[in-house]
Amino acid sequence: MGYVRVEVLIAPPDGGEPKRVMMLADTGSFHTALPVKLAEEIGIKPLAHTRMLVADGRTVEVGVSLAYLKILDREGVFQVVILDVPEPLLGVSTLEGLGLKVDPVTGKVEHSRPSKVETPKSGSGTSKITT
């Protein structure tokens, strides 16, 4: 399997103008990471700062914020880190939160679970799971 990139609609959590961005699905990264310039373009500002250990063993200071993300038909507000990365990274916290996974055979992002359970109509006695 090669690199898997997915189109993501991203915006500030307060409803600012969304932007379509290609992100690298990084199943080895817990956090979703945005380059500083992209975060600035979208209007996502750090709410806090912390130090984080990155893949090459360095400890770096990162901004921590929230972002609205929509992938396929799933959407939500998730924690993101803002740091010097060569391209936006889609971490497993966002993938899992949206009920998505990377299929290693097809190299595509797909649903890992239903998105919601509809409540039964009065008298039907069954619930319907939708994706």
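Helices (H or I, at least four residues) and strands (E, at least two) are DSSP runs, numbered from the N terminus. Read along the sequence in those terms, the protein follows the pattern β-β-β-α-β-β-β-β-α-β-β-β-β. The secondary structure comes to 2 helices and 11 strands.

This is a predicted model, in which local features need pLDDT of at least 70, side-chain atom pairs count only at pLDDT 80 or more, and totals for chains, interfaces and linings use all residues. Residues are numbered from 1 along each chain as its sequence is written, and side-chain values use heavy atoms, with hydrogens and water left out.

**Stop 1: the whole chain**

Show the surface. The accessible surface of the protein comes to about 8,000 Å², and 53% of it belongs to carbon and sulfur atoms. Accessible areas come from the Shrake-Rupley method with a 1.4 Å probe; for residues, only the protein chains shown count as cover. A residue is buried under 20% relative accessible area, exposed over 50%, and partly exposed in between (1.4 Å probe, protein chains only). Of the 131 residues in the protein, 40% are buried. A contact means heavy atoms within 4.5 Å. Among contacts with a separation of 6 or more, 47% are between residues 24 or more positions apart.

**Stop 2: strand S5 and its partners**

Select residues 59-71, which form strand S5. Two strands pair if DSSP finds at least two bridges between them. Which strands run antiparallel to S5? One is S1 (residues 5-11), joined to S5 by 3 bridges. Here Ala 11 stands opposite Tyr 68. Another is S4 (residues 48-53), with 6 bridges to S5; Ala 48 has Val 64 as its bridge partner. Strand S6 (residues 74-82) is also antiparallel to S5, and 9 bridges join the two.

Now select the turns. The hairpin of S4 and S5 has 5 residues between the strands, and Gly 57 there takes a positive phi near 95 degrees. In the hairpin of S5 and S6, with 2 residues between the strands, Leu 72 has a positive phi near 55 degrees.

**Stop 3: the nonpolar cores**

A nonpolar core is a set of buried Ala, Val, Leu, Ile, Met, Phe, Trp, Tyr and Cys residues joined through side-chain atoms within 4.5 Å. In soluble globular proteins, nonpolar side chains tend to be buried together.

Select Ile 10, Leu 34, Ile 44, Ile 71 and Val 109, the residues with the most contacts inside the largest core, which has 24 residues. The elements that give two or more residues to this core are S1, strand S2 (19-25), helix H1 (36-42), S5, S6 and strand S8 (100-103). Apart from this core lies another, of 11 residues, among them Leu 24, Ala 33, Met 52 and Val 54.

Return to Leu 34. Not counting residues up to four places away in sequence, Leu 34 touches Ile 10, Met 23, Ala 39, Ile 44, Val 80, Val 81, Ile 82, Leu 83 and Val 85.

**Stop 4**

Select Leu 47, Leu 66 and Val 77, which make a nonpolar surface patch of about 270 Å². Patches are made of residues with over 30% relative accessible area and no salt bridge: like charges are joined within 9 Å, nonpolar side chains (Val, Leu, Ile, Met, Phe, Trp, Tyr) within 5 Å. Leu 47 lies in the loop between H1 and S4. Is Leu 47 buried or exposed? Leu 47 counts as exposed because its relative accessibility is 64%.

**Stop 5: salt bridges**

A salt bridge is a side-chain nitrogen of Lys or Arg within 4 Å of a carboxyl oxygen of Asp or Glu. By this rule the count comes to 6 salt bridges.

Select Glu 7 and Arg 20, a salt bridge with its closest N and O atoms 3.3 Å apart. The pair links distant parts of the chain, with Glu 7 in strand S1 and Arg 20 in strand S2, 13 residues apart. Glu 7 is partly exposed at 44% relative accessible area, while Arg 20 is exposed at 57%.

Next, select Asp 56 and Arg 58, whose side chains meet in a salt bridge (2.8 Å, N to O). Asp 56 counts as exposed at 53% relative accessibility, and Arg 58 as partly exposed at 48%.

**Stop 6: Glu 110**

Finish at Glu 110, in strand S9 (residues 108-111). Glu 110 forms a salt bridge with Lys 101, the closest N and O atoms being 3.7 Å apart. Glu 110 is partly exposed, with a relative accessible area of 26%, and Lys 101 is partly exposed at 37%. Leaving out residues up to four places away in sequence, Glu 110 touches Leu 72, Gly 99, Leu 100, Lys 101 and Asp 103. The C-alpha atoms of Glu 110 and Ile 71 are separated by 9.5 Å, with the two residues 39 apart along the chain.
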